[in-house]
Amino acid sequence: MKMYFYYGVMGSSKTANALMKKFNFEEQGRKVILLKPKIDTRDGEGIVKSRIGLFCKALLIKEDDTITNTIKDYDRPDVIIVDEAQFLTVSQVDELREMVDNGIMVMCYGLKTDYMGHLFEGSKRILEVTDTIREIQSMCKCGKKAIINARYSDGKIIYKGNQIDIGGNNKYRALCHKCWVNGKV
Ligand SMILES: [Zn+2]
């Protein structure tokens with residue numbers, strides 16, 4: 001079995017991809033568990049929702065909990081899909097890695113870096129231990145590839161602050177590096 005990391009900027013349809021993957025596996029008769037770190041409560045408790053309207057119930061992983069404990073009331077899955085995987089802790093990623101080695105496929109979807117261009121802790125660990133890395137690409141408004149989730153307020157890009165500040169289109173925009181450096185939201 002393998003561990004996969006699908007990363008992309010905000011708005012690159014990661015969640016829609018994750019939900020379609022879940023649907024495909026279930027059509028093949030495989031047991032899938034959808035997980036999401038509890039830190040991201042944008043879509044309400046236990047719901048994974050994509051911008052194009054697809055949504056699905058998910059189990060929430062608390063920051064101080066284990067994956068094993070989170071899924072203990074469910075049958076052993078064939079596949080675990082994690083949305084917003086950048087918010088996993090290092091030990092949760094290591095636990096998922098161990099599950100892959102024990103025969104469960106794990107697919108992580110998430111952001112690689114924050115709005116300052118630095119790796120999230122969870123994404124860093126996934127990059128270190130995953131078998132396969134795939135980028136889900138999307139475009140900056142100028143047409144180049146978007147690589148950073150610019151955070152902005154009052155039309156200006158913010159370059160410093162807390163790493164985590166949950167928000168959607170109203171706070172973040174995916175930009176290429178040049179537009180980000182030039183401060184063009
Ligand atoms: Zn650009």
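The centres of domain 1 and domain 2, taken over C-alpha atoms, are separated by 23 Å. The contact between them takes 14 residues from domain 1 and 12 residues from domain 2, two residues being in contact if their C-beta atoms, placed from the backbone, lie within 7 Å. On the side of domain 1 that touches domain 2, the residues divide into 6 nonpolar, 5 polar and 3 charged. Here Ala, Val, Leu, Ile, Met, Phe, Trp, Tyr, Cys and Pro count as nonpolar, Asp, Glu, Lys and Arg as charged, and the others, Gly among them, as polar. Domain 1 covers residues 3-135 and domain 2 covers residues 148-181, with bounds that come from an automatic or database domain assignment.

The model is predicted, so local features need pLDDT of at least 70 and side-chain atom pairs count only at pLDDT 80 or more, whereas totals for chains, interfaces and linings use all residues. Residues are numbered from 1 along each chain as its sequence is written.

An open sheet of 6 strands has the order 5-2-6-7-1-8, with parallel pairing. Strand 5 (59-61) and strand 8 (132-135) each have a single partner strand, so one side of each lacks a neighbour in the sheet. From one strand to the next, the twist averages 25 degrees. Strands (E, at least two residues) and helices (H or I, at least four residues) are DSSP runs, numbered from the N terminus; two strands pair if DSSP finds at least two bridges between them.

The pairings can be followed across this sheet. Strand 2 pairs with strand 5 in the parallel sense over 3 bridges, and L35 stands opposite L59 in strand 5. Strand 2 also pairs with strand 6, in the parallel sense over 4 bridges; I80 in strand 6 is the bridge partner of I33. Strand 1 (residues 3-7) and strand 7 (residues 105-110) pair in the parallel sense over 5 bridges. Between these two strands, V106 in strand 7 is the bridge partner of M3, and Y4 stands opposite M107. Strand 1 also pairs with strand 8 in the parallel sense, over 4 bridges, where the bridge partner of Y7 is E135.

Two of these strands are well covered by burial count. Strand 1 is largely enclosed by the rest of the structure because 4 of its 5 residues are buried. A residue is buried if 20 or more other C-beta atoms lie within 10 Å of its own, exposed if 12 or fewer, and partly exposed in between, with C-beta atoms placed from the backbone.

Helices lie across the strands of this sheet. Helix 1 (residues 14-27) lies across strand 1, strand 2 (32-37), strand 6 and strand 7, running at about 160 degrees to strand 7. Helix 3 (residues 90-101) lies across strand 1, strand 5, strand 6 and strand 7, at about 145 degrees to strand 7. For these angles, axes are lines fitted to C-alpha atoms, for helices over the stretch in contact, and angles run from 0 to 180 degrees between N-to-C directions.

Not counting residues up to four places away in sequence, I80 touches I33, L35, L96, M99, I104 and V106. I80 and C108 are 28 residues apart in sequence and 8.3 Å apart in space, C-alpha to C-alpha.

The largest nonpolar core has 43 residues, of which I80, V82, C108 and L175 touch the most other members. This core draws at least three residues from each of domain 1 and domain 2. A nonpolar core is a set of buried Ala, Val, Leu, Ile, Met, Phe, Trp, Tyr and Cys residues joined through C-beta atoms within 7 Å.

Leaving aside neighbours within four places in sequence, L175 is in contact with C140, A146, I148, A150 and W180. An open sheet of 3 strands has the order 10-9-11, with antiparallel pairing. Its edge strands, strand 10 (156-158) and strand 11 (172-175), each pair on one side only, and the twist averages 50 degrees from one strand to the next. Strand 9 (residues 148-153) and strand 11 pair in the antiparallel sense over 4 bridges, with I148 opposite L175 in strand 11.
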